[in-house]
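Here is a quick walk through one model, starting from a sheet and moving out to the helices around it. Keep the picture open while you read.

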Amino acid sequence: MKADIKSLDLRELTAFVEILGEKPFRAKQIYQWLHVKQVSSFEEMTNISKAFVEKLKEEAELVTLSMEEVQESKIDGTRKYLFGLEDGNVIESVLMRYKHGNSVCISSQVGCRMGCRFCASTLDGLVRNLRPSEMLDQIYQIGKDIGERISNVVVMGTGEPMDNFENLLKFIELLTDENGLNISQRNLTVSTCGIVPRMKELAEKKLQITLALSLHASTQEKRLQLMPVANKYEIHEVIDACRYYFEKTGRRVTFEYSLVGGVNDTDTDVKNLCALIEGLNCHVNLIPVNPIKERTFVSPDSSVTLAFKNKLEKNGINVTIRREMGRDIDGACGQLRKRYMGQQKGRLA
Ligand code: SAH
């Protein structure tokens, strides 16, 4: 099997180059072509000899995503991308433009096996993990497409990053490497549904990335109704893992809370939520649930959302309501991919 050269860190790439009989300094040149200039073929590496380019083509593959579809929001300039992988699978990524810079939301898996009840990405289950190169290239392609620097990355697209842990760690290393795109760890957020052992392992790496937990409920009982993963990790265990993350890294944890009308938006939820996260240095991000046609969940009235926010604030909790971006383009996570796959099926039938 050919080496996935864009997934190698500089040390591994150096070893690879040496095995192929070249001087170690070539590795740094190639690394620059891959991660700074972001070329899509070995031929573009003009300071590498023709003979070595030929050898690289034999021994390595250069993973590059193909842009299948782009949708742009007329409201806020949000762009949704559908990328094709070499094996024919497709994944989604999103570019959000903020005053403080460009933020890209990437997928970490093709599909997902976590089964959260309100999420479109998990409806057809997990197909496969994404490789580090495939995670990186979502950012590289979008940066090239808009011709601007990407300053923030959130791993909040399709997939559960902690279910693809080794590749996630390699991705983080490559993305934040000063020899590569050099995105600051502080500008990277990884969102999880709460895989406790992996959260602890990540904490022990003492990175400066932000951990976001998809909490979505104030009690174990309610969380179970929305997220099957709660069968495996009890809500207090998950919150303890967040505390541990803060203790190890000093980084404030983000709780994502998708408000579902009549399910988790009551005064009792406010009370239970406050008790649950008491004393934790955190930030709560309220997301009115984005309805998907396969489910009956509805988002609460904006007045309910606002009241929920105010009540949390009264209890001294940092809270924001997530600004909805790209409302006019295939909304919730995984919907663009799902629509596209539906069309492909239609075409084949
Ligand atoms: N698997 C990871 C990251 C991907 S999901 C996780 O669970 O955190 C990114 C975020 O979007 C999660 O908080 C997820 O629960 C939320 N989400 C998914 N579908 C949604 C929907 N229809 N409406 C609102 N939030 C949704």
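How many bridges join strand 6 to strand 9? There are three, and strand 6 (residues 101–105) and strand 9 run parallel. Before we go on, a word on the ground rules: this is a predicted model, where local features need pLDDT of at least 70, side-chain atom pairs count only at pLDDT 80 or more, and totals for chains, interfaces and linings use all residues. Residues are numbered from 1 along each chain as its sequence is written, and side-chain values use heavy atoms, with hydrogens and water left out. Helices (H or I, at least four residues) and strands (E, at least two) are DSSP runs, numbered from the N terminus.

Zoom out and you find an open sheet of ten strands in the order 3-4-5-6-9-10-11-12-13-14, with mixed pairing. Two strands pair if DSSP finds at least two bridges between them. Strand 3 (66–72) and strand 14 (319–321) are the edge strands, each pairing on one side only. On average, neighbouring strands here are turned by 20° against each other, direction ignored. Angles run from 0 to 180 degrees between N-to-C directions, and axes are lines fitted to C-alpha atoms, for helices over the stretch in contact.

Here are some of the pairings side by side.

| Strands | Sense | Bridges |
|---|---|---|
| Strand 4 (residues 79–84) and strand 5 (residues 90–98) | antiparallel | six bridges |
| Strand 9 and strand 10 (residues 188–192) | parallel | three bridges |
| Strand 10 and strand 11 | parallel | four bridges |
| Strand 11 and strand 12 (residues 253–259) | parallel | three bridges |

You can follow some of these pairings residue by residue. Gly84 stands opposite Val90 in strand 5. From strand 9 the chain crosses through helix 5 (residues 165–175) to strand 10, a right-handed β-α-β crossover. Right-handed here says that, with the strands pointing away from the viewer, the path from the first strand over the helix to the second runs clockwise. Strand 10, helix 6 and strand 11 make a right-handed β-α-β unit too. Further along, Ser191 sits opposite Ala212 in strand 11, and Ala212 also stands opposite Thr254 in strand 12.

**Covered strands**

Strand 9 (residues 152–155) is covered on both faces: Asn152 and Val154 on one side, Val153 and Val155 on the other, are all buried (under 20% relative accessible area, with exposed over 50% and partly exposed in between, using a 1.4 Å probe and protein chains only). In strand 11 (residues 210–214), five of its five residues are buried. Thr210, Ala212 and Ser214 take one side, and Leu211 and Leu213 the other.

**Helices on the sheet and on each other**

Helix 4 (residues 132–146) lies across strand 3, strand 4, strand 5, strand 6 and strand 9, at about 125° to strand 4. Helix 5 touches strand 9 and strand 10, and its direction makes about 170° with that of strand 10.

Helix 6 (residues 196–204) packs with helix 8 (residues 235–249) at an angle of about 5°, their axes 8 Å apart. Contact means heavy atoms within 4.5 Å, and the residues making it include Met199 and Leu202 of helix 6 and Val238 and Tyr245 of helix 8.
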